[in-house]
Amino acid sequence: MKIQRIDHVGIIVDDLADVKTFFIEFGLKELGETEVKGEWVEKIIGLSNVKETVAMLATPEGETMIELVKFHSPADKNGIQYPGLNTLGIRHIAFAVEDIEAIVADVKKKGAVLIGEIQNYKNMYKLCYIRGPEGIILELAEKIG
């Protein structure tokens, strides 16, 4: 037995079109979108009356994928949460990028918010966090040198 790789990261969203557009404009490519429902998915995720739309996106080289899921039913009654970076649980997705300043300027024009500041970590990386649509947090890391 061995683990081969992380296949994808799943993100549950309310406005699938908005979040998908954000990630595509960020630089991911869309692989496809489909409707999912039925007993087979209900047995996998342990929910009843499941109807969802799933969009798969990938990094330009296709090494990593993101699965965006919009549940039409059952709906989450808690709504969108905006947790702090220190809230327990999975909190962000990190991307290796080139020209972090340009990327931050671009995503800010599209409504993303820079959390804190871009910082130089030991002359090895420039790092920052941004909050995109629906509170999704991305870490950006640009290798220096």
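**Figure 1. The second largest pocket of the predicted model.** About 360 Å³ of space lies in the second largest pocket of this predicted model. Its lining is formed by 14 residues, and those nearest the centre are Thr59, Pro60, Phe95, Ala96 and Val97. Strand S5 provides the largest share of this lining, with four residues. Sorted by class, the lining of the second largest pocket holds nine nonpolar, three polar and two charged residues.

**Figure 2. The largest pocket.** The volume of the largest pocket is about 740 Å³. A total of 23 residues line the largest pocket, and Ile11, Ile12, Val13, Glu134 and Ile136 are the closest to its centre. Strands S1 and S4 each give at least two residues to the lining. The most comes from S1, which supplies five residues. By class, 13 residues of the lining are nonpolar, five are polar and five are charged.

**Figure 3. Glu134 in the loop between S7 and S8.** Glu134 sits in the loop that joins S7 and S8. Its phi is near 60°, which is a positive value in a residue other than glycine. Glu134 counts as buried because its relative accessibility is 16%, and buried means under 20%. Glu134 is also one of the residues closest to the centre of the largest pocket.

**Figure 4. Asn49 in the loop between H2 and S3.** Asn49 lies in the loop between helix H2 (39-45) and S3. Like Glu134, Asn49 is not a glycine but has a positive phi, here about 55°. Is Asn49 buried or exposed? With a relative accessibility of 60%, Asn49 counts as exposed, since the cut-off for exposed is over 50%.

**Figure 5. The cis peptide bond at Pro74.** The peptide bond that leads from Ser73 to Pro74 is cis. Omega of this bond is near -10°. Pro74 is located in the loop between S4 and S5.

**Figure 6. The largest nonpolar core.** This core has 25 residues, and the members that touch the most others are Phe23, Phe26, Leu68, Phe95, Leu138 and Leu140. At least two core residues come from each of strand S1 (8-13), helix H1 (16-26), strand S3 (51-58), strand S4 (65-73), strand S5 (93-96), helix H3 (100-109), strand S7 (125-131) and strand S8 (137-143). H1 gives the largest share, five residues. In soluble globular proteins, nonpolar side chains tend to be buried together.

**Figure 7. The surroundings of Leu68.** Which residues are in contact with Leu68, leaving aside its neighbours within four places in sequence? They are Ile11, Val13, Leu16, Val19, Lys20, Phe23, Thr53, Val54, Ala55 and Leu57. Among these contacts, Leu16, Val19, Lys20 and Phe23 are buried residues of H1. Phe23 and Leu68 are both among the members of the largest nonpolar core that touch the most others.

**Figure 8. The buried face of helix H1.** The buried residues in H1 are Leu16, Val19, Lys20, Phe22, Phe23 and Phe26. Seen down the helix axis, these residues fall within an arc of 155°, so they line one face of H1. An α-helix has 3.6 residues a turn, so residues three or four places apart point the same way. Just after H1 comes Gly27, with a positive phi of about 135°.

**Figure 9. Gly10 in strand S1.** Gly10 belongs to strand S1. Its relative accessible area is 48%, so Gly10 is partly exposed. From Gly10 to Leu31 there are 21 residues in sequence, and the two C-alpha atoms are 14 Å apart in space.

**Figure 10. The whole chain, for orientation.** The protein chain contains three helices and eight strands. Starting at the N terminus, the order of the elements is β-α-β-α-β-β-β-α-β-β-β. Along the principal axes, the C-alpha atoms fill a box of roughly 50 × 40 × 30 Å. Of the 145 residues in the chain, 34% are buried. Among contacts between residues at least 6 apart in sequence, 53% join residues at least 24 apart.

Methods: Residues numbered from 1 in each chain as written. Predicted model: local features only at pLDDT ≥ 70, side-chain atom pairs only at ≥ 80, totals over all residues. Heavy atoms only, no water. Core = buried A, V, L, I, M, F, W, Y, C linked by side-chain atoms within 4.5 Å. Buried < 20%, exposed > 50% of the residue type's maximum accessible area, 1.4 Å probe, protein only. Contact = heavy atoms within 4.5 Å. 1 Å grid on protein atoms, 1.4 Å probe; cavity = no way out; pocket = protein on both sides within 12 Å on 5 of 7 lines; lining within 4 Å. Points joined across faces, edges and corners; volume = space filled by probe spheres on them. Nonpolar A, V, L, I, M, F, W, Y, C, P; charged D, E, K, R; others polar. Arc of directions from axis to C-beta.
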